[in-house]
Amino acid sequence: MSKGRVHCGAIEANGLVYAVGGDGLEGTVEEYNPATNTWTVRSAMPKARYQFAVGTVSGKIYVMGGINFGATVYFAQPKVDVYDPLLNLWTVAAPLLSARLDMAAATVNGKLYTLGGQFCGCIDEYDPIANTW
């Protein structure tokens, strides 16, 4: 990585490792190729944030919730951004049912789940085909 990260996301997609966002990094995304031991800078997040959850479905990376970087007032966000590593392109998905941060994420049978987090003791299921929670 070009810089150390805190409160960021790290996830595997398509055999590569992605370091996403983090406090003070303005939405940077870097891709690590373990076969060549190299880092490549990728397209930055549309809105920089940290303390979010990150998950993958069908090779795409989902960044959910968190806190906006550089805000003067810090509020949890319901925003969900989707990164396609093959196209190096970000899109927007349906927002979380409740704004939150510091949650966990997991993928089961092609669906994404968010668990807990600050302000929510819940489990939500996301269907990427219907783009609904």
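Select Asn-37 to begin: with a relative accessibility of 57% this residue counts as exposed, where exposed means over 50% relative accessible area, buried under 20% and partly exposed in between, computed with a 1.4 Å probe on protein chains only. The model is predicted, so local features need pLDDT of at least 70 and side-chain atom pairs count only at pLDDT 80 or more, while totals for chains, interfaces and linings use all residues. Residues are numbered from 1 along each chain as its sequence is written, and side-chain values use heavy atoms, with hydrogens and water left out.

Asn-37 sits in the loop between strand E3 (29-33) and strand E4 (38-42), strands being DSSP runs of E with at least two residues, numbered from the N terminus. Its phi is positive, about 55°, although Asn-37 is not a glycine. Most residues other than glycine have a negative phi.

Next, select Asn-14, in the loop between strand E1 (9-13) and strand E2 (16-20). Here too phi is positive, near 55°, in a residue other than glycine, but Asn-14 is partly exposed, at 45% relative accessible area.

Then move to residues 104-108, 111-115 and 123-126, which are strands E11, E12 and E13. They form an open sheet in the order E11-E12-E13 with antiparallel pairing, two strands being paired if DSSP finds at least two bridges between them. E11 and E13 stand at the edges with a single partner strand each, so one side of each lacks a neighbour in the sheet.

Finally, follow the four bridges that join E12 to E13, and pick out Leu-112, whose bridge partner in E13 is Tyr-126.
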